[in-house]
Amino acid sequence: MAGLFEAHVTNLGKYNEGVLAGEPLTFPASPQAVQALLKEIGVDGIRYEEIFIACYDFGGKLPELQRCLGEYESLDELNHLACLLSELSPDDLEKFEAALDMGTHTSDLADVINLAENLDSFEFYPDIESEEDLGRYCTEDLAIPAELKDYFDYEAYGRDLSTNEGGHFAPGGYIVQTDGVKEIYHGIEDIPKEHKVFALPQLSIREQMAAYKEVIDRIPPAADRARPETAREGR
């Protein structure tokens, strides 16, 4: 399965300590790849537990997707989306990009997943990128006398069509929503097992002991801890 995009996964705890520890993860990913990455950046569930996405790299593809994704997305949800998109035909992937550009169902990652699951609710017309293009396309089958074609206002006709049906001119063509977007995806519990990838690294006993020792060593000695002030009795 070819990679669709990368997310630079970063150790949140180390970042808050002023240390940048992050590595790129290619999606779709595997649990093994996630485990290896988390171990590399020090997220083991003992010393550090939290991550964030520093940035995304789409390699020039899916330009509208980046604005829909945030810093704290679930790796399982990102992988589920990548798996869904990997199964799309080139035509449907182009339709998906146009639907993203339309922006009607893109408020969060769950919305985007549902959008990928509802492409049958949209009609997409490649290479129609203006009102005039739309007007000419939709009058091809009309019996307009040849002597009147030069006088026909294709742009105005296309403008009326797009306004009446709520269509949108995306960079790759014209898209119109023909049906409602059904909420197929409700949350992580809906992700198929084969699409789930988040897994903390498996540590050896020696690695676990070293991790726990590091956590203990961070705890300041009792003498250095701030003591609560004792309330004085009023005289």
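Predicted model: local features only at pLDDT ≥ 70, side-chain atom pairs only at ≥ 80, totals over all residues.
Most peptide bonds, by contrast, are trans, and most residues other than glycine have a negative phi. Leu62, which is not a glycine, has a positive phi of about 45° and is placed in the loop between S3 and H3; Leu62 counts as buried because its relative accessibility, 3%, falls under the 20% limit. Asp127 likewise has a positive phi, near 70°, and belongs to the loop between S4 and helix H6 (131-138); with a relative accessible area of 62%, however, Asp127 is exposed, since the value is over 50%.

At the level of the whole chain, the model contains nine helices and six strands. Among contacts with a separation of 6 or more, 68% are accounted for by residues 24 or more positions apart. The charged side chains comprise 19 positive and 48 negative ones, and the centres of the two sets lie 17 Å apart.

In soluble globular proteins, nonpolar side chains tend to be buried together. The largest nonpolar core of the present model has 45 residues, of which Phe27, Leu65, Leu75, Leu78 and Phe96 touch the most other members. The elements that give two or more residues to this core are strands S1 (5-11), S2 (22-27), S3 and S4 (122-126), together with helices H2 (31-41), H3, H4 (90-102) and H5 (109-117); H3 gives the most, with six residues. For Leu65, when neighbours within four places in sequence are left aside, the contacts are with Phe58, Leu81, Leu85, Leu100 and Val112.

Leu69 is situated in the loop between strand S3 (51-57) and helix H3 (75-86), and its relative accessible area of 11% means that Leu69 is buried, the limit being 20%. The C-alpha atoms of Leu69 and Ser107, which are 38 residues apart along the chain, are separated by 9.1 Å.

A further position considered is Glu207, which lies in helix H9 (residues 205-218). Glu207 has a relative accessibility of 29% and therefore counts as partly exposed, a class that covers values between the 20% and 50% limits. Leaving aside neighbours within four places in sequence, Glu207 is in contact with Lys39 and Gln202. The C-alpha atoms of Glu207 and Ile191, 16 residues apart along the chain, are separated by 32 Å.

Technical notes
Residues numbered from 1 in each chain as written. Heavy atoms only, no water. Helix = DSSP H or I, 4+ residues; strand = E, 2+ residues; numbered from the N terminus. Buried < 20%, exposed > 50% of the residue type's maximum accessible area, 1.4 Å probe, protein only. Contact = heavy atoms within 4.5 Å. Lys, Arg positive; Asp, Glu negative; His and termini not counted. Charge placed at Lys NZ, Arg CZ, Asp CG, Glu CD. Core = buried A, V, L, I, M, F, W, Y, C linked by side-chain atoms within 4.5 Å.
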